[in-house]
Amino acid sequence: MLDVTTFLDRRGIAARLEALSPDVVLINLANPHRDELEEVFALSRAMARPVAMFVDQSDSAAMEAAIDAGVSAYVVDGLRKERIKPVLEVAVRRFRAFTRLRAELDEARSALAERQTVDQAKRLLMTRRGMDEPAAYAALRKAAMDSGRRIGEVADAIVTADRLMGDL
């Protein structure tokens, strides 16, 4: 059973959608004007929900902007009853796939940043303490184990302390 809420007035729509917290947002813009599209795109970026957008006419620039803004499904040739369910299913699946990819990307970026910090901390230990690379890594690992923290956190503390000491 679907619970459908229709908004005819766009004023305050972001707050109303936030209050409703829908699973999916379906937008029907027959012939959208630039201002309407900008509003929809801002809304789409702000909401962590699948958004399906129905329009009457094809517009490559609007479609590209909609997809860039996070619209999960951009359907040309208007809203028709028989299309709603399959389009919403695709929008939800595409949104979930995109969300998974974004989480994986964020995780990879975080791991890379942590790895770079560990390498920087190792270089500092090697330079300041005359250690070779395996000894510097072992020192980081031991400090992490002794303090119950991740090696990246220990490396970050070393790099931060070095920056502070260099600024004094």
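The structure is a predicted model, in which local features need pLDDT of at least 70 and side-chain atom pairs count only at pLDDT 80 or more, while totals for chains, interfaces and linings use all residues. Residues are numbered from 1 along each chain as its sequence is written, and side-chain values use heavy atoms, with hydrogens and water left out.

I begin with the chain. It contains six helices and three strands, taken as DSSP runs (helices H or I, at least four residues; strands E, at least two) and numbered from the N terminus. Their order from the N terminus is α-β-α-β-α-β-α-α-α. Of the 168 residues, 28% count as buried, that is, under 20% relative accessible area with a 1.4 Å probe, protein chains only.

I turn now to helix α4 (residues 81-129) and helix α5 (residues 133-147). Their axes come within 9 Å and cross at roughly 115°; the axes are lines fitted to C-alpha atoms over the stretch in contact, with angles from 0 to 180 degrees between N-to-C directions. The angle therefore makes α4 roughly perpendicular to α5, a term that covers 65 to 115 degrees.

Which residues of α4 and α5 meet? From α4 they are Val-118, Ala-121, Lys-122, Leu-125 and Met-126, and from α5 Glu-133, Ala-136, Tyr-137, Ala-139 and Leu-140; contact means heavy atoms within 4.5 Å. The residues of this contact divide into eight nonpolar, no polar and two charged, where Ala, Val, Leu, Ile, Met, Phe, Trp, Tyr, Cys and Pro count as nonpolar, Asp, Glu, Lys and Arg as charged, and the others, Gly among them, as polar.

Note on methods. Buried means under 20% relative accessible area, exposed over 50%, partly exposed in between (1.4 Å probe, protein chains only). Angles under 35 degrees count as roughly parallel, over 145 as roughly antiparallel, 65 to 115 as roughly perpendicular and the rest as oblique.
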